[in-house]
Amino acid sequence: MKYTAPTKQGYFGKYGGKFVPEILIPALEELEIAYEESLNDPIFQKEYHDLLEEYVGRPTKLTFANRLTDHYGRGKIYFKREDLCHTGAHKINNAIGQLLLARNMGKTRIIAETGAGQHGVATATACAKFGFECVIYMGAEDMERQKLNVDRMKLLGAEVRSVTSGSQTLKDATNEAIRDWVTNVENTFYIIGSVVGPHPYPLMTRNFHTVIGEETKEQLRHAEGRLPDYLVACVGGGSNAIGFFYPFIDDEDVKMIGIEAAGLGADTDQTAATLTIGSPGVLHGSLSYLLHDSEGQVQLAHSISAGLDYPGIGPEHSHLHDTKRVHYFGITDQQAMDAVKLTSEMEGIIPAIETAHAMAYLEKLMPLTQKDEVVVVNCSGRGDKDMKTISEWFS
Amino acid sequence: MITKQKSRVDACFERRSEDSKIMSLFITAGYPDLESTVDLILGFEKNGADIIELGMPFSDPLADGPTIQYASNVAIANGITMKKIFQMVKEVRKSSQIPIILMGYINPVLRYGIDEFCREAAECGADGLILPDSPPEESSLIADAAKNNNLDMIYLVAPNSTDARMKKVDELSSGFVYCVSVTGVTGARQGEEVARSVERFIGRVNQNVTKNPKLVGFGIKNHDDAFIISKQVDGFIVGSALIDAIRKNYPNNGWMDNVFSFVKELKHG
C-alpha cells in the first residue's frame, strides 16, 4: 500500500497534530496555505532549486567508503555527503526553503532554535543572504560546547539568545523560541530546524529534505545500477533521516535504520533514546514518543552530541517505529566517539558527532551483510564544530 | 439514577449582579509549598474570588512567561503530583463550593490517562478544564471524557482568532470562554498596553461568543486594569500578578495575609 502520511490534520498514524496555544493557530493556518501554494508555484520551486544548486552546492556527492568497506569485509558502504552542503550539514536545505516561504508571506523577522548550532548557522546564513533580521535561541550549555557555531552565527549577523531555563539545551531553546513566536506572531516566522513541532512543520521540513534521498537513489542507480539494501541515519528530531528515507519508503526491499543517541546507555537515566525507552506524549506542539516521568514531566535527555540531546522525536518517526517500516537502535557516547575516530582515520572524513552515531552502527550491521549488499549512511554533517569536544574526549 | 445538577460554574455566573465582575484567580498547585494551596484557595474565596483556576504544573510551560514558569518549577521541585492536586481539591470541597477549574498542559493529563483523569477530577470536586495547548483542533482527544464526567471544557480566543473561530470556540466550550487579551505569554504585558489593544477585540468577542459567559485575562496587574479590561465582559482572570504577590511575600511572617490583601484590592479597589 502506498505511503500517504500525514493526513490533512497533520497526523502520521496516531502521531502529530497541532498542540499549540490558540494564538498560534491562525499562524499555522496561514503557513499551511502558503506552503500548499508554494508546491504548485513554478517560480518558488525554481528559486528554491536554483539556490540548492548555486548556493548550497547540491547535488551533494555519494562517496564510496572503500577502506571502511575493506575493514568490515562484507557489503559495500557509501556515504551520502550532506557534510559537503554549504554551512556543513543538511540543515540548510530546510532553512532556505522556509525562509523563502517567510519572505513570500511578508514576514520580516526570523527566529529559530538550535542545539548543535547547525540549524542556527543555516538559518543565520539564509537570513544574511536575504537580508532578514534573525534571532537564534540556544541553550547556555550548548553555547558552551558549540562555541564555534555561536561565533559563526554572530558573524553572520544573527543575535544569539542564551537560554538558561531547564536543562539549558535544545528543549529549552525550543520553549523560548515558541514563547517569542507567541508574542511576535504578526511579523515573525519561526523556522523550526527538525521534523518536530505542530503541523505543517513536520511535513514541510521533511519535504525540504527529501532531495537527500532522491539524489541518493539516482546516484546509486548510476554507481551500482540498483537500490540500496540498507539506509542508516542518525535521529534526534529526525530531519536528515526522514529526508534520506522518505523517497525509498515504498521500496519495500530497502531496509531503513534510524540511530538514536543512547548517551551513557538506554538503560541509564543519561540517555536521549526516545523511541527505545519513551512513550507517547505531547511536547512542542505534536504528539509523539517522549522521554517523560510517570507524572508526564519531560525528562532531561543526555547525549554528548548537542544535536541529538532532545527528549522528543518527530511524529513521523514514531509512526514509522510503530509500523516497523524503520527500525531504530541506540548508540552510546562511547560508540559514537569511536566512530568519529575510525571514520576520520579510514575515510579522511571527520563526521559531526551526531552523524558518527550512524557510522557507529556499522560495527553491528556490517557483519550481518553479504558481499553483494549495499549500505548507504547519511553523512549528515561535518565535525569541525565538534573539535573541542573531540579533543577533550581523546586527550 | 443521578440527575445532573446545575454546575457550580453556571451557578456562579447566574449569581453575578449587573454591577459586579466575576474574579477568577489562577494559582499553581504546590506553589509556594504543598501545604499552603488549600488555605490560599479558601482565603481567596473569602477575599472576593469567584472562581479558582488551579494550575497543574508542567516542566515545559511554553505558553507561560517567567512568573508562572518559576511557580511551576518550584511546585515540581516540591513534589507535586496529580494525585496530590486531586487531594487538594477534595480538601477545599469540605468547606467550599467555589468553582475549581484545573488548568495545565495536555501531557500530564495524557500521561495520567484521559478517562481516569476526568473521572477522578470530577470525583474530587473539580468543575472544568483549561488546556491551553489543546485547541479545538485537538479537542476530540478529551472532549467526550470531559462531558461524560460533567467537566466543563473551556477554550480560549485570542485577538488574532477569526470570527468563525470564535463561534466555533463558543460552540465547543461550556462554563465560560477564556479571552486572551493580547498575543504573548502569560503575564507579559503592562496594563496600559493591554487596555488600549483590548477594546476592539472584546467587541468582536461579544459579537461572536454568545452562548457562554466571557472572562478576560493575560497581563492584568491591578484593580484598575481589571475593571477597564472587563468592562464589556463578565469578569477577569489574574494569574501572574498573583503569583508575583506570593513570591514577594513568601515566606515572611504574615505572607498569606499580605497576599489576601492584594486579592481584596484586586476585586474591590
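Trainee: In this predicted model, is Asp127(B) buried or exposed?

Mentor: The model is a predicted one, and Asp127(B) sits in the loop between α6 (114-124) and β4 (128-130) of chain B. Since the cut-off for a buried residue is under 20% relative accessible area, the 8% computed for Asp127(B) makes this residue buried.

Trainee: Which residue forms a salt bridge with Asp127(B)?

Mentor: The closest N and O atoms of the pair are 2.7 Å apart, and the pair links distant parts of the chain, 119 residues apart. The partner lies in helix α1 (residues 8-15) of chain B and, at 25% relative accessibility, counts as partly exposed. That partner of Asp127(B) is Arg8(B).

Trainee: How many residues apart in sequence are the parts that Arg206(A) and Glu316(A) tie together?

Mentor: The side chains of Arg206(A) and Glu316(A) meet in a salt bridge with an N to O distance of 2.9 Å. Arg206(A) is buried at 3% relative accessibility, and Glu316(A) is likewise buried, with a relative accessible area of 3%. Because Arg206(A) belongs to helix α9 (residues 201-209) of chain A and Glu316(A) to helix α13 (residues 315-322) of chain A, the pair ties together parts whose separation in sequence is 110 residues.

Trainee: What separates Lys147(A) and Asp151(A) in helix α7 of chain A?

Mentor: These two side chains form a salt bridge at 3.1 Å, N to O, with Lys147(A) partly exposed at 48% relative accessible area and Asp151(A) partly exposed at 37%. Because Lys147(A) and Asp151(A) are four residues apart in helix α7 (residues 147-155) of chain A, their separation is about one helical turn.

Trainee: Which residue is joined to Thr355(A) by a side-chain polar contact of 2.7 Å?

Mentor: Thr355(A) is found in helix α15 (residues 353-360) of chain A and is buried, at 0% relative accessibility. Leaving aside residues up to four places away in sequence, Thr355(A) touches Cys234(A), Asn378(A), Cys379(A), Ser380(A) and Gly381(A). The residue whose side chain makes the 2.7 Å polar contact with that of Thr355(A) is Ser380(A).

Trainee: How many salt bridges are counted between chain B and chain A?

Mentor: The contact takes 37 residues from chain B and 35 residues from chain A, and the two chains bury about 2900 Å² between them, with 53% of that area on carbon and sulfur atoms. In one salt bridge, the side chains of Lys171(A) and Asp60(B) meet at 2.7 Å, N to O. The count between chain B and chain A is three.

Trainee: Which element supplies the largest share of the side of chain B that touches chain A?

Mentor: Across this interface there are 21 residue pairs in polar contact, both residues being at pLDDT 80 or more. On the side of chain B that touches chain A, α3 (66-77), α5 (106-112) and β6 (156-157) each supply at least two residues. The largest share, five residues, comes from α5(B).

Definitions and conventions
Residues numbered from 1 in each chain as written. Chains lettered and ligands numbered in written order. Predicted model: local features only at pLDDT ≥ 70, side-chain atom pairs only at ≥ 80, totals over all residues. Heavy atoms only, no water. Contact = heavy atoms within 4.5 Å. Buried area = accessible area lost by both parts, 1.4 Å probe. Salt bridge = Lys/Arg side-chain N within 4 Å of Asp/Glu carboxyl O. Polar contact = N/O pair within 3.5 Å; in protein donor to acceptor, adjacent residues only side chain to side chain. Buried < 20%, exposed > 50% of the residue type's maximum accessible area, 1.4 Å probe, protein only.
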